[in-house]
Structure formats: structure tokens, C-alpha cells
2 protein chains.
Amino acid sequence: MPLEKSRPSSSSTKKRVRDAEATKLRILEAAKKEFAKNGLEGARVDAIALDANANKRMLYHYFKSKDGLFRTVLEREYLNIRAEETKLDLENLPPRTALETLVRFTWEYYIANPEFITLVNSENLCKAAHIKNSPTLKTISQKFVRRIQSLLDRGVRENVFREGIDAAQLNITIASINYYYFTNRFTGSVIFERDFTAPEALKERITFNIETICRLVCKN
Amino acid sequence: MPLEKSRPSSSSTKKRVRDAEATKLRILEAAKKEFAKNGLEGARVDAIALDANANKRMLYHYFKSKDGLFRTVLEREYLNIRAEETKLDLENLPPRTALETLVRFTWEYYIANPEFITLVNSENLCKAAHIKNSPTLKTISQKFVRRIQSLLDRGVRENVFREGIDAAQLNITIASINYYYFTNRFTGSVIFERDFTAPEALKERITFNIETICRLVCKN
DNA sequence: CGCCTAATGCACCGTATAGTTACTTACACA
DNA sequence: TGTGTAAGTAACTATACGGTGCATTAGGCG
């Protein structure tokens, strides 16, 4: 029985054989995986195209070059983590709770998005060549730092945080203690002879990290 | 007229054209630089041979493969940082001074040996494949952790450190807050819009780091 | 329907790369 | 002083890589 095969007039649910946006997205997802797994130099464009179920030609059509693709992937990742962070709604939590929430969020984000760390490492290996001139990134970063600064200010006003802590330094420290544990989990597991990714190890670490930050920021 | 062409009988001061150990060392030094600059995948064996002023064949003769060379470089780097650390003689310093000395040493070691961080990052990208079965590394790491544990114990006995802090967690945290700042100094400089390597920035950071660790470990 | 543009596919290129083959040369030791 | 062995060299290979030229096709629009 003849179902309508392709009615261009029909609604948005119809299957498109040619769909630029979908193809772009598939390439970006595949690229994220491949870049994260093998680094910028180690990643293979053929592998990306294959995994994206797209032709390599499309990759160059949409993103110009391997570096162009990497830049796009990386910028999307930064946008994503900041967007998630904004959802935490820290400004409506008591300062100490907000601080703890931020630490825990960072930790859980790295667990849920292991690619992020490796992508950032790759970008630092090439001295931030791809994001150096990204106005988007600078804008969202400024907002982010200001958000933390206002949390610190509020904590001081409410007499629960110590005075004089710099928001940038605090941000760096929170990222540090979470990031390092994950990025170095392989050498770490060898050196400390324990499985860094075992559930109990993870639990122990996040507890320690929250303690570290609270002792640094809170009074008493 | 045949003049004496070469008198091999002369004493130890004679210049040696062939010197296996020296060649090996030159290759290792060149490899360290190249691997650190471009990562394991990005490093070029031709570039290493050229910089070492050695023939590429020698590289394969002494180290079997690119990975074999990387393994050797990395193991030497771990041995070096632990050797330097041992020289600190922490056990003969008051606990709090010892702790501060350790934090400051870590910081300064990363500044003086920027290659170390990049090499470790590369090793983690390939899931510690090169060091996974290194007994040497495990031995020196155990000693290292024990040294910190005994410092913690001594501090508790002298009533200057809090009880119940795990040496491994503390080590990880000390490494974290120093390591992260350097490995991410390029993206960091973009995001926080400040030069991470400026002298004042460095000074501010190490001060902050010492404070972080002291607040974590020390009583009041 | 038929046209035009954008999406897609295929086959190819030049080069750079890790690794090797086959050779020469210095020197320690008898 | 002669010789075996290890140090050193140069030219080469096979292939994998990032990137491209050009033909083909789908589908929105008039």
C-alpha cells in the first residue's frame, strides 16, 4: 500500500536523507570522541569520518581543516560546561552549600564528560592556539568568574567565608583538585597502587576535595 | 710521506669520536624536548635524531622503537623528581616547615622542569601503557608515599597537624594545585585574561597554594 | 516539471613518517 | 699491528596521512 514517500510539505518529523545540521552534529560527536581518545595529533580524520558515518569530504566542507574541526569541538565543550554550571543556581543557595555544590558539580562533570579534560590538555599542548582569539570564550569566562566572586562576597557578608580570597585563584584550585585526579588517573593508579576509578576511591576523593575547599574558604 | 696518522696509545684526555653513552644521553635529552613539545604522537623521530646530532639508526639501536625511547625518557624523569625530593631532607625539619618546603619544591620543580608535566600528560593519554609494569617506578613511589605519611604522623605527634589525613590524598592534592596551574597555563591565560607566567602571578599562586595546604593539614 | 544550489561520494595526490637494509669505520685488545 | 665487534652512516621502503578535484544527486523553489 502506497504510503506517502516524501511529502516536502509535511511536518518536521519526516526523515531527511540530506540534512546538513545532522551531519555536522555527527561529525562533531565523532570528532570529540576521536580527539579525546588520541589527542589532536593522534586523531585520524578518516576515523572521524568513518565513525560519523559521513564522507571525509564533508568534514572539510563544514570545518575547513582538522584544526578547524578541533576548534569547533573545543569551543562547544567550553560552552557546554559553563551552561551546565549556570543551571546550578548558586546565587539562591546559602554560601557554604553553594560552594560545596560547585565543587561537587565540577567533580561530577568530569566523571560524566571525560572527553573535556583530554581536549583541554590537547589545547594546552599547542599553547591554546585554537581558542586564543575566541571572543565567545572570553565572554562566558568573565561571567563565570564574576559569578564566583559574587558568591565569595556574599559569603563574607554573611560572615561564613574568610575575607580576601580571589575568585580566580579559588576557581583554579577547585578545578585543580578535581581535574588532576582524573587526567592523571592512569599514572596515578600505578604510582599509588590503587584503582583511581573504583567507587570507594572516587567517594573518598570527592569528600577530601570538599574538605580542602571548605577549610580554605570558610571561617573556622 | 706517511706521517703518523693516529696514535691510539695516548692517555685519557684524547677526544673520542665514538662514545656510546654520550650518544645515548644526547638522544635522551633531545627526545625529552621533542616529546614534551609535541606529545608522543606529535614527536618526530627524525627531529629527535637531528637535534641529538645522532643518526636515526642509533635511536632504534639503543631504544628499539619510538615507544621504547619514550618509556626510557619517562622513567628517567620520574627517577629524577623523586631523587630531588629526597634531597629535601624533610624528616629533619619541623613538620610545618617540612610541609611548606614540599609544596614549594613541587612548584619550583615544575617551573624548572616544564617537560615533566607534558610527558606525564602524554603517558596518561595512552593510559600509562609505558610505565604500567615498571617495578622501579613502583618502588620509588612507595618510598615517597611512606615519607609523607611519616611526616604527617610526626606532625600529629607534635600536635601541629590534624589527625586522620591520608598521605596519598595529600600528595595528590599538593601535586594538583601546582600541576594544574602549569599544564593549563595557556588556556588559563585566555580564560582568566591574565598572564599565568608573569612573575607576580607566579608569586601570588604559590602563596595561595601554601595557604591551601596549611589550612588543610595544620591545626588552626 | 525542471532548474539550481547545496549535500554527498569517490578516487586520487603529495608528502611525511616510523622503521629497515646494507654498508663503513673506529677502537679495544690480543 | 692485525682483527673482531660495536658505533655510526646513508639511502631506502611501505604506508598512512591530511587534504582536494570533480562528478553526482537530492530537494527546495519557481
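## Where the two protein chains meet

In this predicted model, 58 residues of chain B are in contact with 58 residues of chain A, contact meaning heavy atoms within 4.5 Å. The size of an interface is often given as the accessible area lost when the parts come together. Here the area buried between chain B and chain A comes to about 5,000 Å², with carbon and sulfur atoms giving 65% of it. That buried area is the accessible area (1.4 Å probe) that two parts lose on being put together, summed over both.

A quick word on the ground rules: residues are numbered from 1 along each chain as its sequence is written, while chains are lettered from A and ligands numbered from 1 in the order in which they are written. Local features need pLDDT of at least 70, side-chain atom pairs count only at pLDDT 80 or more, and totals for chains, interfaces and linings use all residues, with side-chain values using heavy atoms and leaving out hydrogens and water.

## What links chain B to chain A

The rule finds six salt bridges across the interface of chain B and chain A; a salt bridge is a side-chain nitrogen of Lys or Arg within 4 Å of a carboxyl oxygen of Asp or Glu. E211(B) pairs up with R162(A) in a salt bridge, their closest N and O atoms being 3.4 Å apart.

On the side of chain B that touches chain A, the elements giving two or more residues include α1 (20–42), α4 (66–86) and α10 (199–217) of chain B. The top contributor to that side is α8(B), with 13 residues. Helices here are DSSP runs (H or I, at least four residues), numbered from the N terminus. By class, that side of chain B has 25 nonpolar, 16 polar and 17 charged residues. Ala, Val, Leu, Ile, Met, Phe, Trp, Tyr, Cys and Pro count as nonpolar, Asp, Glu, Lys and Arg as charged, and the others, Gly among them, as polar.

## Around DNA strand D

Next comes the DNA. DNA strand D is surrounded by 23 residues, with R18(A), K56(A), R57(A), Y60(A) and R18(B) the closest; a residue is near a strand if one of its heavy atoms lies within 4 Å of it. Sugar and phosphate make up 49% of the atoms of DNA strand D within 4 Å of the protein.

K56(A) has a polar side-chain atom 2.6 Å from a base oxygen of DNA strand D. α3(B) gives the most to the surface near DNA strand D, namely four residues. That surface has nine nonpolar, four polar and ten charged residues.

## Around DNA strand C

DNA strand C has 20 residues around it, and R18(B), R44(B), K56(B), R57(B) and Y60(B) come nearest. Of its atoms within 4 Å of the protein, 52% belong to sugar or phosphate and the rest to bases.

A polar side-chain atom of R44(B) is 2.7 Å from a phosphate oxygen of DNA strand C, and one of T23(A) is 3.2 Å from a phosphate oxygen of DNA strand C. The largest share of the surface near DNA strand C comes from α3(A), with four residues.

Terms used
Polar contact = N/O pair within 3.5 Å; in protein donor to acceptor, adjacent residues only side chain to side chain.
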